[in-house]
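Here is a short tour of one model, written for someone who likes to know the cut-offs behind the words. Please have the viewer ready.

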Amino acid sequence: MMSFSRIKGVFLRYYYNAIKAGHHLSDMFYWPLVDILLWGLTSIWIQHENHVANLPLLLMTGLIFWQIAWRGSIDISLNMLQEFWHRNLVNMFSTPLKITEWTCGVLLLCLCKLVITVAFGALMVYVLYSLNVFTLGWAFLPFAGLLLLFGWSLGFFATGLIIYWGHKVEMFAWMIAFLFAPFSAVFYPVNVLPMWAQKIAWSLPTTYVFEGMRQILNGGAFPIGYFFFSLLLNLLFLAFAVSFFVWMFEKSRAKGLARME
């Protein structure tokens, strides 16, 4: 016969684990909020427009572009987390391996995986919806590069947190990029956002990319101003993120990397 006390024991075991673990709380609150903001704002924009030219292409291109930023972020953090999960962090950095060498190797892997992801995504969009996300032409490459730089900035920042605080903040690897998604105007123009959110949006390099993407798909010219604003912000973000990562790594190594495992 089933025992209520044993059922209660299982319930309490996972209940206490859920309320103590940050990633469980993010599943309950953070991800639903992000989905509501992203798709709610997109729905409001579509509802208030009598006709949105090239709407499916705008949405699909925005989706592919967001994958570039997100993959750039998650791949850096995930490679560090794998060293934690495999208990290999101390082994790896007890060798002559330098942090710059680890970084270059990880970024090279990120580039390879990103090319495959974008190619597969573009192929699926074409096969399933007969849409060509490369309609942007040559502008696709500089825009993709800008988004990748932003993703790397977030990845280094999140990895800096992880290398110091360990498993208890590992959910940032998945969460941090989507924190900026509602403000980046991925699927809708910036003017859909409230005024206070527009100020945040224009301080992010991603916003200029997505606004520029929509401008080109709507028949406009390549936005030179948007490109250079985004590049400048990206360089500032990346310099800060890399410096933060190196600083947190050195602090963690001084306290002992073995504690992370």
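## Around Ser73

Leaving aside residues up to four places away in sequence, Ser73 touches Gly151, Trp152, Leu154, Gly155, Ala173, Ile176 and Ala177; a contact here means heavy atoms within 4.5 Å. Ser73 itself sits in helix 3, which covers residues 55–85. Its relative accessible area is 0%, so Ser73 is buried. The classes are buried under 20% relative accessible area, exposed over 50% and partly exposed in between, with a 1.4 Å probe and protein chains only.

## About the model

This is a predicted model, in which local features need pLDDT of at least 70 and side-chain atom pairs count only at pLDDT 80 or more, while totals for chains, interfaces and linings use all residues. Residues are numbered from 1 along each chain as its sequence is written, and side-chain values use heavy atoms, with hydrogens and water left out.

## The whole chain

The protein chain has 10 helices and zero strands. Both come from DSSP runs numbered from the N terminus: helices are H or I with at least four residues, strands are E with at least two. Along the principal axes, the C-alpha atoms fill a box of roughly 60 × 60 × 40 Å.

Of the chain's 261 residues, 48% count as buried. If you take contacts between residues at least 6 apart in sequence, 76% of them join residues at least 24 apart. The accessible surface is about 14000 Å², and carbon and sulfur atoms account for 70% of that; the area comes from the Shrake-Rupley method with a 1.4 Å probe.

## Helix 3 meets helix 9

Back to helix 3, this time with helix 9 (residues 205–217) as its partner: their axes come within 11 Å and cross at roughly 145 degrees. The axes are lines fitted to C-alpha atoms over the stretch in contact, and angles run from 0 to 180 degrees between N-to-C directions. The crossing is right-handed, a term for the near helix being turned clockwise from the far one by less than a right angle.

Which residues meet here? Helix 3 brings Leu57, Leu58, Thr61, Gly62, Phe65 and Trp66, and helix 9 brings Val209, Phe210, Met213, Arg214 and Leu217.

## Ser94 in a loop

Another serine, Ser94, is found in the loop between helix 4 (89–93) and helix 5 (99–129). Is Ser94 buried or exposed? Its relative accessibility is 55%, so Ser94 counts as exposed. Ser94 and Leu111 are 17 residues apart along the chain, and their C-alpha atoms are separated by 27 Å.
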